[in-house]
Every structure is written in structure tokens, then in C-alpha cells.
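Please open the structure in a viewer and keep the sequence beside it.

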Amino acid sequence: MTESLIWWSIAIYLLVAIGIAILSRQRPAKGGSESMSGYFLGNRQMNGFVSALSYSATTYSAFMMVGLAGLTYAGGVGALGFEIIYFAGVSLVAVFGPKFWAVGKKFGYVTPSEMLGHRYHSKQVAMAVSIASCIFLIPYSAVQLAGVGYLLQGITDGAITFTTGVVLATVIAIFFSYIAGIRSVMWTDSLQAIMMIVASTLVAFLVIQSLGGFGALFDTLATEHPQSLTVPGPGLFSFVTFLGLTIPWFFFSPFKSAGQPAPFHALVAALNAPHADWLPGVRFYLYPGLRTLGLLSLGSLPQPCKRRLGNAHATGLRVCAARIRRDCDDRHYGRRRFHD
Amino acid sequence: MKRSKWIWLVWAVVLLSYLVPYTLLSDVSRWYGSFLFWAVAGVAIIALNVFITTDFKEHSDD
């Protein structure tokens, strides 16, 4: 993919997203968006469908685009199982979500720290949550921004540098947050969510078609890479590792809504969100399923590369795994290497 | 069925998602093995979520 094509794609996407962000700002709302509740929660009157798309876009970030892609590549179908159990945890939002929303509306909470501080009648709890959020959201945000940098660098073979990608992502994130608070964030999230599902559907479809269709893909896998269709498969997904990955992530989905500002805001911003639970579930389901299909078809990496990928993931170095994969590609297929 | 009952079925699907692929399907290296099982489990979870959230509005103050 050429650099100019990437830049044009980014420019067009940004134009559309900025248009949506500005339109969201102009949407009439009771009380306007100048209040704290208006800026952070859209006056608790965000559309349920938009809330659902935003929640799912918030959940699937660079972690999905970089980390889980490599995990599927290295460990086979076990990655699908991991993600299915992960998204099953979203069901708990149906239990806790209405409570969050109800108490949020009743007591006027704007942030998760307010809710937890009030619940435990302790200012110290609220302070601890605020400080913990600030501290731990720094590496969390850094990984997301780094993911954008790595992806842009990777797809352009280094023509767009890592630093340029990170700076671009940072500016965009600040701009979307600034222009209309939660309204612009959620509406641009929705655009991103729709684009991701459309793109992943197209990629999976095109890859499978180029390999001769669904039947031919699985026939090839069954004969040449049978382990990729079972667990523990190539070895990455031992039962203990599978448990270690899935148990925290099962509970991560619902409880991040209580402790992490972005999903909390997406959740309590919805006035009435009958789809806020199962709609992200549909996308949670479609996206890993399609991506697993696509990635299972790419079983041609040399074994040393797969081993290195597995080791990287096992130690949680997901972003590094993308680099290792690229390096392996370079070494074994003679692609041009570039300096970060 | 109340929301609390449906959620037990979610737990059951999750439990099966651990047990079946690692036992019954561990040697089935075809599309109708673990791939299909987890795909169907995903559909089941979505269906259960539809049931759970059917009365979302009425019970929003639970």
C-alpha cells in the first residue's frame, strides 16, 4: 500500500469524522453541553444504539488490532475461544448496567470515582479510584497510541514513522474529546465501529475467496496445519494459559464499566439502552470470528517465527509481537527492513 | 424467565466453552470441531443477551 494512499485514506476518514463530531456538537439537548454532565455524559440522553457502538469501539482497540491478531496467528483457534469467553462476560453488563445507570441518574454521578466513593461513604475511596485511574490509564492510553503508530508504520513499510502515527493519534483523540465531549467521542466511536466491522468482513471475505473458499481453507488447514484447529493446538493455548487469559478478561468487560471512565460514560450516558448489551455482543462475536477465519488462513510463517510470537504473547508483550512478526517476515521473505 | 435465570445459562455456556474444546474436541482438527463449537457458543450468548435485555427498560431501576 502506497504512502499517499494511506494519507488520503486517513484524510478522508478524518474529514468524515470531524464532520460527525461537529454535527454531534450541534445536536440540541436540554441544558446544553456546557455543564459537566453535558460534556461527560451527554446529559444522560445518548441514543442506545450509539452507546452500544461506542462501548464496543472503546473495548476493541489496538489490543484487538495488534495483540489478538498475533495471538490468533500464533495459537490458532484457541484465540477464538478466548474472545468468545471474553465477550460472554459482557452479559454481566446486563446485570450491572441498569444499576449503574439508575444510581448514576439518581445521584448525579459523572465519574466512576464519584459512584464508588458514594457507595462506600468514603472520600478516600473516591480519591484512590481517581488516582489509580490517572496512573493506570497512562500506560493504557500509551499502548493504544503506540498501537496506531505501529500499525501505520507497518502498513506503510515505515514511510509513516511510528512517531508520526502516535502524534497523529494523540491530536485526533484530543480534538474529538475537546469538540463536544462525550457526544463527539461516541459518534466518532460509532463511525469507527462501523468501519471496523465492514473492513474486517471484507478482508475475511477476500482472503477466504482468494484461498478457494471456506471449504478449501479448512481442508488446507486440516491437512497442513491441523493443530491450528484444536486446543491446545500449537501449544500456546495450554489449558492453564487459557484459564489465565480468559478468567480476568471475562470479568474485565463488565467491571471496566465501573472503573474505567470511557465505558462508564458510554454506559451511563444512555437514557434507555435496550440494545446496549447485545449489540456490542454481536460485533464482539462477528469481529473475532471473521478475523480468526482470516488469520487461520495465514499459516505459512516459519516455525521459529511462530515460537517467538508465542513467547512474546505469553509474557504479555503483544505490541512487540507485531514487530517480531514483521521482523520474521523480513528475514524469511526478504522484505525491506526499516529503522524505527 | 427473570434476568437472573438467563444469566445462569450464560455461565453454563461459558463452562462448556472451557470443557468441550479441551476434551471432546481436542482431536477434531476440522471446521466442525472447536471452531464451530465456539462459533455456536457465541450465537447462544448473543441470543441469551437478547432475552436478558428484553425488559431492560421496565427493570432499569433494579
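**First stop: A:F239**

Begin by selecting A:F239, which is located in helix α12 of chain A. Helices here are DSSP runs of H or I with at least four residues, strands are runs of E with at least two, and both are numbered from the N terminus. The model is predicted, so local features need pLDDT of at least 70 and side-chain atom pairs count only at pLDDT 80 or more, while totals for chains, interfaces and linings use all residues. Residues are numbered from 1 along each chain as its sequence is written, chains are lettered from A and ligands numbered from 1 in the order in which they are written, and side-chain values use heavy atoms, with hydrogens and water left out.

Is A:F239 buried, partly exposed or exposed? With a relative accessibility of 35%, A:F239 counts as partly exposed. The term buried means under 20% relative accessible area, exposed means over 50%, and partly exposed lies in between, with a 1.4 Å probe and protein chains only.

**Second stop: the aromatic rings**

Now select A:F237, A:F239, A:F242, B:Y18, B:Y22 and B:W38, which ring pairs link into a cluster. Rings of Phe, Tyr and Trp (its six-membered ring) pair if their centres lie within 6.5 Å; planes under 30 degrees apart count as stacked, over 60 as edge-to-face and the rest as tilted. Over all chains, the structure holds 20 aromatic pairs. One of them is the stacked pair of A:F242 and B:W38, with 5.8 Å from centre to centre and 25° between the planes. This pair joins two chains, because A:F242 lies in helix α12 (residues 239-259) of chain A and B:W38 in helix α2 of chain B. A:F242 counts as buried at 0% relative accessibility, and B:W38 is buried with a relative accessible area of 0%.

Select A:F250 and B:W11 next. Their ring centres are 5.1 Å apart and their planes stand at 45°, so the pair is tilted. A:F250 belongs to helix α12 of chain A and B:W11 to helix α1 (residues 3-22) of chain B, so this pair also joins two chains. A:F250 is buried, at a relative accessible area of 2%, whereas B:W11 is partly exposed, at 34%.

Display chain B by itself. How many helices and strands does chain B have? There are two helices and zero strands. Of the 62 residues in chain B, 47% are buried. The chain exposes about 3,500 Å², of which carbon and sulfur atoms supply 70%; accessible areas come from the Shrake-Rupley method with a 1.4 Å probe, and for residues only the protein chains shown count as cover.

Select helix α2 (residues 34-52) of chain B. This helix has 19 residues and reaches 26 Å from its first C-alpha to its last, close to the 27 Å expected at 1.5 Å a residue. The expected span is 1.5 Å times one less than the number of residues. The buried residues of this helix include B:S34, B:W38, B:I45 and B:I52.

According to an unreviewed UniProt entry, the annotation "transmembrane region" covers residues 7-25 and 31-52 of chain B. UniProt positions are given in the numbering used here, feature names are shortened, and annotations may be inferred rather than shown by experiment. In the model, residues 7-25 of chain B are 84% helix and 0% strand, with the end C-alpha atoms 25 Å apart. Residues 31-52 of chain B are 86% helix and 0% strand, and their end C-alpha atoms lie 30 Å apart.

Most residues other than glycine have a negative phi, and most peptide bonds are trans. Select A:V231 and A:P232, which are joined by a cis peptide bond with omega about 0°. A:P232 is placed in the loop between α11 (214-224) and α12 of chain A.

Finally, move to A:H121, in the loop between α7 (112-119) and α8 (123-155) of chain A. The phi of A:H121 is near 50°, a positive value in a residue other than glycine. A:H121 is exposed, with a relative accessible area of 71%.
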